[in-house]
Amino acid sequence: MVLKIISAFDDGLNEIVLPVRGLLRQLTDDDEAVDDFSVETLKRTLVGQKAHIVTLWTDNKKTLVGIGMLTVRQHMLRKVAHIDEVVVDEAYRGRGFGKIIVGALIDLARSASVHHIDLSTRSHRFAAIGLYKSLGFQKSETNCFRLHL
C-alpha cells in the first residue's frame with residue numbers, strides 16, 4: 001500500500017475526485033453533497049480549512065483504498081485538531097488500513113504540536129469505534145450540538 005498526503009498544490013487533483021467520491025458514498029447517504037464534491041471543493045478544504053488529507057492506495061496506485069482528513073485550528077487557549085471523513089473501501093475493510101490512515105493523521109497532529117484531537121462517529125459504526133478506542137481515543141464528556149442552516 002502507498003500512503004500519500006494530499007496538498008492543494010498537487011498535480012493530479014482531478015484524478016482523485018472520482019475515487020474520493022466513491023469512498024464518500026460509502027460514508028454518507030447525502031448523494032447531493034457527494035455529487036457536488038469537486039476539485040474546487042477539495043482545494044477550498046485543503047487551503048481554507050488548513051486540512052491534511054491522507055490517502056491510501058494499492059501498490060500500483062490505481063485503486064484508492066481509504067482516506068482521512070485532519071484539520072488543525074488554533075483556539076484561544078490551545079491548538080487542537082479534528083479528524084473527519086475516515087473511510088476505507090468496503091472491499092478492503094478488516095485489514096488494518098483504517099489504523100494506518102488514522103495513525104498517519106495522529107502523526108500529522110503530533111508534528112503540528114496540537115493539544116488534543118477530537119473526532120466523532122455515529123453510534124452504529126462499531127468497527128470505527130473499536131478502531132478509535134484501540135488507538136487511545138476516549139469518549140469525551142461533552143455534548144455535540146448541530147444547527148442545520
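**Salt bridges and strands**

Guide: D35 and R25 form a salt bridge, with the closest N and O atoms 2.4 Å apart. A salt bridge here is a side-chain nitrogen of Lys or Arg within 4 Å of a carboxyl oxygen of Asp or Glu. The pair links distant parts of the chain, with D35 in helix α2 and R25 in helix α1, ten residues apart. Helices (H or I, at least four residues) and strands (E, at least two) are DSSP runs, numbered from the N terminus.

Visitor: What kind of model is it, and what goes into the values?

Guide: This is a predicted model, where local features need pLDDT of at least 70, side-chain atom pairs count only at pLDDT 80 or more, and totals for chains, interfaces and linings use all residues. Residues are numbered from 1 along each chain as its sequence is written, and side-chain values use heavy atoms, with hydrogens and water left out.

Visitor: Back to that pair. Are D35 and R25 buried, partly exposed or exposed?

Guide: D35 is partly exposed at 41% relative accessibility, and R25 is partly exposed at 37%. Buried means under 20% relative accessible area, exposed over 50%, and partly exposed in between (1.4 Å probe, protein chains only).

Visitor: How many salt bridges does a search of the whole structure find?

Guide: Four. One of them joins D107 to R110, with the closest N and O atoms 3.8 Å apart. D107 and R110 are separated by about one helical turn, because they sit three residues apart in helix α4 (residues 97–111). D107 is partly exposed at 48%, whereas R110 is exposed at 61%.

Visitor: Which residues do salt bridges with shared partners join into one network?

Guide: R25, D31 and D35.

Visitor: And what does D10 form a salt bridge with?

Guide: With K4, at 3.6 Å between the closest N and O atoms. D10 is partly exposed at 22% relative accessible area, and K4 is partly exposed at 36%.

Visitor: Which residues gather in the patch of negative charge on the surface?

Guide: D29, D30, E32 and D36. Asp and Glu count as negative and Lys and Arg as positive, while His and the chain ends are not counted. A charge patch is made of residues with over 30% relative accessible area and no salt bridge, with like charges joined within 9 Å. The place of a charge is taken as NZ of Lys, CZ of Arg, CG of Asp or CD of Glu.

Visitor: Where does D30 lie?

Guide: In the loop between α1 (13–27) and α2 (31–36). D30 counts as partly exposed because its relative accessibility is 40%.

Visitor: What does β2 pair with?

Guide: Strand β1 (residues 2–6) runs antiparallel to β2 and is joined to it by five bridges; I5 stands opposite V54 in β2. Strands pair if DSSP finds at least two bridges between them. β2 also pairs with strand β3 (residues 64–74), in the antiparallel sense over seven bridges, and W57 stands opposite L64 in β3.

Visitor: How many residues are between the strands in the hairpin of β2 and β3?

Guide: Six, and K61 in that hairpin takes a positive phi near 60°.

Visitor: Last one: where is S140?

Guide: In the segment after α5 (126–134). S140 is partly exposed at 45%.

Conventions
Patch = residues over 30% accessible without salt bridge, like charges linked within 9 Å, V, L, I, M, F, W, Y side chains within 5 Å. Areas by Shrake-Rupley, 256 points an atom, 1.4 Å probe, with all protein chains shown as cover.
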